[in-house]
Amino acid sequence: MSNLIRLMNGEASVVADEWQTVALPASNEVERKQAGKVVLFKLTGENSVSAEQIAATVIPANGKILVPLSVWLARKDELLGRLNTGELGVWLHTHETLDTLLASVDSLDKFPIIAVFVERFADGRIFSLGTLLRTRHGFKNELRAFGDVLRDQLFFLKRSGFTSYLIRADRSAEDALKSLKDFTEPYQGAADNPVPVFKRYSRSNA
Amino acid sequence: MYKYDKLDQQIVDERVAQYRDQTRRFLAGELTEDEFRPLRLQNGLYIQRYAPMLRIAVPYGMLSSKQLRKLGDIAKRYDKGYGHFSTRQNLQLNWPKLEDSPDILAELATVEMHAIQTSGNCVRNITTDQFAGIAPDEVIDPRAMAEILRQWSTFHPEFALLPRKFKIAVSGTKQDRAVVQAHDIGLEFYTDTNNKLAIRVWVGGGLGRTPILGSMIREHLEWQHALTYCEAIIRVYNLHGRRDNIFKARIKILVKALGADEFRDQVEAEWAHLKDSPNTITEAELKRVDKYFEPMPYEKLPAHNASFDAAIASSPAFASWVKRCVHPHKQPGYRAVTLSLKPTGIAPGDATTEQMHAVADLADEYSFGELRVSHEQNLILADVKLSDLFALWEKARKHGLATPNIGLLTDIICCPGGDFCSLANAKSIPIAQAIQEQFDNLDYLHDIGDIEINISGCMNGCGHHSVGHIGILGVDKDGSEWYQVSIGGKQGNDASLGAVIGPSFAAEEMPGVVQRLIDVYIAERTPEEHFIDTVRRLGVAPFKAYVYAEKEVSHV
């Protein structure tokens with residue numbers, strides 16, 4: 001049973017997942033830790049994916065594939081054919097930036113899908129990444145959240161421009177559907193609807 | 001004050017339904033503790049030492065009498081008959097049940113209130129000057145902009161899960177009373193040379209573990225761009241702020257790590273894309289919201305009132321209350337009144353249900369049915385006629401709300417501390433009480449004059465200890481409670497952070513330590529100096545020498 005929610009023309013439903021997500025192999029390198037958590041933020045400038053990992057990533061020979069950004073960048077020649085047949089999408093970590101992705105294609109819309117992997121649901125960088133992809137870079141195709149994706153973040157994901165949500169495997173996607181409708185009329189403009197409430201309605205004084 | 005329309009009401013009603021379902025799922029075991037935590041926090045619910053604590057939003061400190069009555073009712077029905085006004089101008093209930101919290105929120109929604117984003121890693125309650133709209137030194141009434149910011153920040157999807165909490169303050173006066181330099185973003189409104197409303201933008205200030213004053217990253221921002229500029233700032237922070245270490249996660253750490261110039265450049269680069277985007281505020285929207293903050297229908301009164309003057313002359317107790325608790329007003333014949341929530345023996349900022357009801361009545365009778373909460377944890381009636389002050393004072397006295405100590409040593413800012421808070425290293429309320437008891441002579445208090453003592457039970461600094469003239473910080477040493485003392489902190493335009501005077505003290509030493517600091521001040525002051533001035537002139541050394549000289553002798 002699929003755990004993928006897809007938003008099409010404003011209607012959300014649970015649909016089959018036609019994309020195979022390609023994972024990076026585990027790293028042998030010891031991650032640099034600080035205060036118990038992995039240091040993965042821009043200030044450190046650390047490269048979180050090693051060349052060995054990229055080389056060892058197994059890419060399925062057939063079908064639609066979602067590959068890690070680092071693999072797409074490093075193995076572009078090998079993957080370009082799949083992109084041209086509409087069988088290739090990329091996924092990013094929340095700590096990755098968009099500049100390399102942007103530089104790798106003349107238009108982001110070459111990708112039928114871009115996905116962002118959120119390791120912990122409390123990592124709100126995913127919302128800024130979605131917003132930037134939609135509003136700054138005009139990406140029009142499917143934008144997917146996967147990883148620790150739970151129903152109580154869906155409304156924010158939707159507003160940040162995400163149109164599909166792979167709900168964490170141990171939770172029900174059917175239940176999660178309800179939370180997309182938590183609020184009817186949000187205050188501020190955002191990626192899904194850039195117009196703030198004060199421009200959508202004439203709010204007269206009572 | 002601002003009144004909800006259908007859209008505002010719908011949002012708080014939908015929030016109640018959403019939170020009710022989240023709580024249900026948690027209690028049914030469908031949500032883990034870790035998953036529920038950010039959800040309940042963004043609704044103001046902490047799990048505390050003895051019970052949950054619910055923090056109710058009082059946007060920029062404004063309350064109607066109807067709302068305060070409801071808060072009193074809620075405190076009685078769901079708590080132990082009292083609430084605690086906090087330094088964020090909010091109201092905290094210390095003993096509600098988790099199971100009751102959805103019902104409490106539903107009751108709040110009936111009076112246009114909520115607990116949205118009063119905690120958690122999101123944009124918190126917007127705060128401002130408690131005298132907004134009536135202060136004689138006010139350039140701009142910042143409340144309409146505060147309300148516009150409140151709406152924009154409510155469930156802002158991009159900033160729903162920031163690295164850490166995010167506090168915005170707005171101010172529109174010459175003398176800053178909103179502590180804008182101690183906030184993640186401080187917006188200082190002023191009128192520019194073209195007579196247009198403009199904003200000075202401060203970023204990266206904060207109290208807590210690493211107290212630091214903000215940096216001004218923009219001298220002049222046209223008001224229309226307030227929201228998009230904040231979006232640029234918070235986006236840079238959301239993407240690049242540290243998430244690996246909770247103690248390094250505030251925006252101040254990012255600003256410091258990058259340097260204010262580099263941070264500004266990144267914000268400006270981001271804003272270049274956001275400028276004039278749809279969240280740009282329109283003239284019509286500012287006008288619409290501003291209408292709710294128009295001046296009250298004041299009577300035209302002379303600047304003086306004979307009965308008031310006579311009461312001052314005949315009642316020294318009234319005169320001393322007026323001196324401390326009554327404040328100037330834009331409108332001739334009117335004054336603002338602080339009702340002190342700091343009588344000796346009561347936790348600073350606490351009010352009982354009866355007191356909340358009494359204040360609501362006083363607001364109806366004397367101040368157009370509105371009141372404010374100050375970040376000094378007192379209640380303010382903003383629009384009282386001179387001729388009503390004596391009657392108001394007599395009634396306030398009956399309810400223990402007229403302690404004439406505003407701005408004096410016993411008007412202590414204090415967090416709930418180890419008696420309630422699970423973060424605290426040490427108790428803070430008993431320290432405040434012991435100090436209040438040490439200085440229980442009013443004449444002496446008036447002689448000491450203006451001084452601010454701020455007490456926090458831990459590094460998080462909810463009691464704003466680092467900007468206290470005397471700051472007291474609870475620390476944990478080998479499992480016992482100690483208190484570190486700093487002097488020379490100050491809020492306001494000439495804000496400064498206090499310097500620690502030396503090794504920490506045991507709880508029972510604290511009243512004596514404060515006494516010795518005051519002794520040095522009394523001995524050294526020039527006639528016009530307040531405590532803070534003397535500290536600034538002399539530095540820490542003479543205070544330190546006297547406090548610790550005594551300590552060494554007593555330990556021999």
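How are α5(B) and α9(B) oriented to each other? They are roughly perpendicular, because their axes cross at roughly 110° and angles of 65 to 115 degrees count as roughly perpendicular (under 35 is roughly parallel, over 145 roughly antiparallel, the rest oblique). This is a predicted model, in which local features need pLDDT of at least 70 and side-chain atom pairs count only at pLDDT 80 or more, while totals for chains, interfaces and linings use all residues. Residues are numbered from 1 along each chain as its sequence is written, and chains are lettered from A and ligands numbered from 1 in the order in which they are written.

Stay with that helix pair. Helix α5 of chain B covers residues 143-153, and helix α9 of chain B covers residues 283-290. Helices here are DSSP runs of H or I with at least four residues, strands are runs of E with at least two, and numbering starts at the N terminus. The two axes come within 9 Å. B:Ala144, B:Glu147 and B:Ile148 in α5(B) meet B:Glu285, B:Leu286, B:Val289 and B:Asp290 in α9(B). Contact requires C-beta atoms, placed from the backbone, within 7 Å. The residues of this contact divide into 4 nonpolar, no polar and 3 charged. Nonpolar covers Ala, Val, Leu, Ile, Met, Phe, Trp, Tyr, Cys and Pro; charged covers Asp, Glu, Lys and Arg; the others, Gly among them, are polar.

Now step back to the domains of chain B. The assignment gives domain 1 (6-109), domain 2 (134-290), domain 3 (306-398) and domain 4 (413-555). Such bounds come from an automatic or database domain assignment. In chain B, 20 residues of domain 1 are in contact with 21 residues of domain 3. On the domain 1 side, β3 (62-64), α3 (65-78) and β4 (82-85) each supply at least two residues. The largest share, 7 residues, comes from α3(B). By class, that side has 8 nonpolar, 10 polar and 2 charged residues.

Next, pick out one residue. B:Leu362 lies in helix α12 (residues 353-366) of chain B. B:Leu362 is buried, because 24 other C-beta atoms lie within 10 Å and the cut-off for buried is 20 or more (12 or fewer is exposed, in between partly exposed). Beyond its neighbours within four places in sequence, B:Leu362 is in contact with B:Leu381, B:Leu392, B:Lys395 and B:Ala396.

Finally, look between the chains. 40 residues of chain A are in contact with 38 residues of chain B. On the chain A side, the largest share, 5 residues, comes from α5(A).

Note on methods. Contact = placed C-beta atoms within 7 Å. Axes fitted to C-alpha atoms, helices over the stretch in contact; angles between N-to-C directions.
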